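Let's walk through a protein model together, one feature at a time. Keep the sequence and the 3D view at hand as you read.

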Amino acid sequence: MPHRRLGPPPASGLGGRDTAGLVVVGDTLPVGAGPARLVAVRGGRAEDLAAGVFGYPGSPSRTGNGAWSSCRLRGAVGGGLVQLDSASESALRVQPGFSGAPVIVGDAWGDAVVGLLAVAGRKGTTGDAYAVPMTEVSAAWPEVLGDSMLPPCPYRGLRSFTAADARAGLFVGREREVAGLRAMVRDRPLVVVTGPSGVGKSSLVAAGLEPGLLADGWSVASFRPGAMPYDALARALLDLECPGGDHSLEQLENRCRALREEGFWPVASRVAVLSGRRLALIGDQFEEVLSAGAEGVDPVRFLRQTFPPPETLQSPDVRLICTLRSDFLPDLLELADIGPRLQDRQLNVSPLDEAALTRVIVEPAALAGVTFTEGLAEAVAAEASKGPGGLPLLEFALTELWPMQRERRISFDSYHGLGGVSGALNRHAEQVYRFLAQTLDEARIRRVLLSMIRARGGAASAVRVPARSAHLGADWYVAQLMADPERRLVVVGPEGPDTAEIAHEALIRGWQRLAGWVDEDADFQQWLALAEERAADGDVLSAPRVAEAQRWLEERPDDIPPEVGALMRRSLAVLLEQERTERQMKALQASNAELAEKAELLALANRDIELKNHEIEEARRILEERAELLAASQRYRTEFLANMSHELRTPLNSMLILARMLADNVQGTLSRQQVEFAETIHRSGTDLLQLINDVLDLARVEAGRMDTAPAWLALAPLLDHVDAMFRPLMGEKGLHFSVSLAPGLPAELHTDEQRLLQVLRNLLSNALKFTDTGGAVELRVGQAGGRLAFSVSDSGIGVPADKLDVIFEAFRQADGTTSRKYGGTGLGLSISREIAQLLHGGIHCESEVGRGSTFTLEVPKGPVDTDEPDPDLEERPVLLPSFTGEFEGEYVLVVDDDVRNVFALTSLLEGHGLKVLYAESGREGIELVRRRGDIALVLMDVMMPEMDGNEAMELIRRLPGRAELPIVALTAKAMAADRERSVEAGASAFLTKPVDPDALLITVDQWLPGRSPGRETAEAADR
């Protein structure tokens, strides 16, 4: 039964749209015939699709049966027709007589009819080929074709939505994000849209933002950075500058050079000014900047030139909108120069919930007049929301489901026939596999996928797990290929940017190829799952499992994760230890048999052992008690030495100062005998002070507290100093004294000057002491191996050979009479030996009774690695010149609770032209300083009752106008820590009792206002 419909031309100059149809009457179709699947061109527009048409081309000559021709649907023309072109983009010419033949396209479901061939020509000649779209045919015959016509698919598969989709109403569910994005673009030059893989970031920008920008008058260009980000950005700017124009290679190179040298914003601002337009550039998948690995491009430099600093003002006519996968965001935030540029410029996009996914399913279909069976859309949304990257997987499933509709309705049967969301993906997975297998070995694809699966009983029980790039190694590239937006078998970044997992667990069971791989790999997977559990629990493998692990390690070393490898090594070590223990146990069992025979004897011996153990325990208890007593004794001795030092130094201070003043006899009132008495008192006090110092040195040596402060020092000045020190003394006793140097000695040596001088003084003092008048003493400096040797020779009494070791012991001399005849404590050589060892050298003696002795000190020439000096050592004296000046009546305040010290200090200071005020406590001293503005300097004793000197100095420093008042701290405690505490409290200088008069006068002279500006000598004095 024929059907015909005639229609007028739609517009002047166009042909009519007459159509004709034929209804087949009867119950059966002709042999080999079947209903065709009719598909509409999407949105009424022809896409660039490959097609086939039955119609003989103009050449060669026509035959009776015609032929199938390949062509492409290029574009719509007048009258609703679609032009058919050849592959060369020239018009396809078909001979007349084939009009009405179907135009066929192929898709995943087979062949489908998109139109009927129409041949246009004049006077019967060969004409151009066109297609009458099936939408036109359906409109002409609605009662027959209306419901059988498949409307255009509104879903995008694995592709992003576009601005055209938004205008067609197909992009839904992101209204809130679109509004927020548009608001940010209005206010900010840069907006970064970030979110996990598969949440629709690209669609949000292209379909959600771009239409609004165009409506607001912005010119929009999109680009992907790829491996050449500067080229991509330059091309987008050229497209905005000359829309639709062809750009030369020279133009592209010049624009790239400008971007590299100036950065994006200056170049884009110039383009905006020159074109008179507002420019919006969309950089999609900006993570490619960090992951593409282009040669010659510094990613950080490109980002620095593209992302403007937050404090800078940019052109209001330029906007940059980027999409960035969230797993790359931490990498940017860790860059100190890039992270702050993203502040308040991010729009975070999260996956859609089930309600929004339901809208994504229902609303686009409704625009095409297609509905879903009740509850189906919600079920599809629920399945799609279960895994990461759900939105593109959902779109792909809906695209596959669309052709399965019947009478504009999609049912559960079709959905289940497709296999749900996972079924569509599985079909797609096989297509991806075939594509990858063209360039990659199947083994690599298989390894990557199986590394993301764990199964104890084949595919039926398998689960997906993340795989790490470190484990995959070079095959990480395969995982990235599978994560490409056009494939999406894998999702990157579920547990960080270096992880990847299968997009959906349904792939494991529904994809026949992958399920077969999992089943074939069941033994390895079962072992690997168990091993990973043991590794996670910190457990070890049993002996059979270790053997199995070694087999897998030999067969598949690349498939074993690092943590399982560590478990295997740990288990093997434990197993070896167990085997060793078992061998020992067998040996022990053998020995036990032998020991059983001796058990009776041992039982008898045990009683004796118990008695001895009791005795040992009692002895141990006694030793512990004595050790405690010894420790207490050491503490008491230390406390005693400290107290002795303080108590002896305090009276010595006044005694030495007064004796020195009497011996100087400045006023000439004393007789020569009285001066000698005073000198004797001063020498005795000095000897007592030396004894105190020796005892303290010995205590520090025994406690391990003596340390050194080595430095480079000139050898000649050192020996000149020793010569100047001892030549007068040697002359007084009538001894010949000489200092000699061997040739070839270095000019400098690296050692502790004060400790070296201490040893030399001791050796020369002994030589002076034990050599009678008329004798000789010599100091020779030479070399011994790699060391300098200081030898002190004398013609004195000598030391017996059996006493050469005894003399280096504390409180020991060659014989008992020596100490009574020559004096001394016997500590000097003991301390000298310890100092020599501290200087990384040694000391030894050669002697002959009645002929004299030679003591040799050897020290290294250069530096020796040592620990840092102990900061709590006693400060050492420094030799100072005599004070020869006079003062001019300045007022000095002496604060000391000991009247003896006050008397001595007052006599000394007044004797040199100073006026002295006295305060017997810290509080009284503070009051005097407050009342008396003429006090030029304060001598502050540190140890006083009630308020010590440190506290008094702190309070004086707080008085108005007294922050710079010179304060010299005096104390009988001579440790470095005491000096530091006094300096922190406000002391200008620090002197140790007993105070050397010259040191005190020099210090006062240097700190009095208006005196000499240089204070180096004073600083030496207060040490």
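The expected span of a helix is 1.5 Å times one less than its number of residues. Helices (H or I, at least four residues) and strands (E, at least two) are DSSP runs, numbered from the N terminus. Please keep in mind that this is a predicted model, in which local features need pLDDT of at least 70 and side-chain atom pairs count only at pLDDT 80 or more, while totals for chains, interfaces and linings use all residues. Residues are numbered from 1 along each chain as its sequence is written, and side-chain values use heavy atoms, with hydrogens and water left out.

Now try the rule on helix 31 (residues 899-910). With 12 residues at 1.5 Å a residue, helix 31 should span 16 Å, and this agrees with its end C-alpha atoms, which are 16 Å apart. Some of its residues are buried (under 20% relative accessible area; exposed is over 50%, and partly exposed is in between, with a 1.4 Å probe and protein chains only). The buried ones in helix 31 are Asn901, Val902, Ala904, Leu905, Thr906, Leu908 and Leu909.

Cys153 counts as buried because its relative accessibility is 19%, whereas Cys242, at 36%, is partly exposed. How many disulfides does the structure hold? A disulfide is a pair of cysteine sulfur atoms within 2.5 Å, and the structure has 0 of them.

Next, find strand 14 (residues 278-283), where 5 of the 6 residues are buried. Two strands pair if DSSP finds at least two bridges between them. Strand 13 (residues 218-223) runs parallel to strand 14 and is joined to it by 6 bridges; here Ser219 stands opposite Leu279. Strand 14 also pairs with strand 15 (residues 318-325), again in the parallel sense, over 5 bridges, and Gly283 has Cys322 as its bridge partner there.

On a 1 Å grid over the protein atoms alone, a cavity is a set of points where a 1.4 Å probe fits but cannot get out, and lining residues have an atom within 4 Å of a point. Grid points are joined across faces, edges and corners, and a volume is the space filled by probe spheres set on the points. The whole structure has 6 cavities of 30 Å³ or more. The largest has a volume of about 100 Å³; 13 residues line it, and Pro710, His750, Thr751, Leu839 and His840 are the closest to its centre. The second largest cavity has a volume of about 70 Å³.

Definitions and conventions
1 Å grid on protein atoms, 1.4 Å probe; cavity = no way out; pocket = protein on both sides within 12 Å on 5 of 7 lines; lining within 4 Å.
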